[in-house]
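Hi,

Here is the structure I promised to pass on. Have a look, and my notes on it follow below.

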Amino acid sequence: MKNYLRERAEDGELYFKGKFIADDVDMSPKEIGALMVKLADSATDLEVEKWSYTSATTWRVEAV
């Protein structure tokens, strides 16, 4: 998941909802949400932010 996010955020910011990338990373949206919370606390090469909630959480990811 971390590599997936890093690759897509390398040219700037990435905004996504877990339900739209679930098939790409072979995880459920619920699993993605739980993992994103962990990455927000532990990833040193990614800035992860819970950005908004409209029918599902939107995450903002930026490579640092």
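W51 is partly exposed, at a relative accessible area of 49%. Keep in mind that this is a predicted model, so treat the numbers as values computed from it.

What does W51 pair with? Its ring sits with the ring of Y15, the two centres being 4.8 Å apart. The planes meet at 65°, and since anything over 60 counts as edge-to-face, that is the label for this pair. Y15 is in strand β1 (residues 13-17) and W51 is in strand β2, so the pair links distant parts of the chain, 36 residues apart. Y15 is partly exposed as well, with 37% relative accessibility.

Next, the backbone. Most residues other than glycine have a negative phi.

- D26 has a positive phi, near 55°, and is not a glycine. You'll find D26 in the loop that runs between α2 (18-25) and α3 (29-42). Its relative accessible area is 72%, which makes D26 exposed.
- S55, also not a glycine, has a positive phi near 70°. S55 belongs to the loop between β2 (46-53) and β3 (57-63). Buried or exposed? With a relative accessible area of 58%, S55 is exposed, because the cut-off for that is over 50%.

So if you open the model, start with Y15 and W51, then go to the loops that hold D26 and S55.

Cheers

Definitions and conventions:
Residues are numbered from 1 along each chain as its sequence is written. This is a predicted model: local features need pLDDT of at least 70, side-chain atom pairs count only at pLDDT 80 or more; totals for chains, interfaces and linings use all residues. Side-chain values use heavy atoms; hydrogens and water are left out. Helices (H or I, at least four residues) and strands (E, at least two) are DSSP runs, numbered from the N terminus. Buried means under 20% relative accessible area, exposed over 50%, partly exposed in between (1.4 Å probe, protein chains only). Rings of Phe, Tyr and Trp (its six-membered ring) pair if their centres lie within 6.5 Å; planes under 30 degrees apart count as stacked, over 60 as edge-to-face and the rest as tilted.
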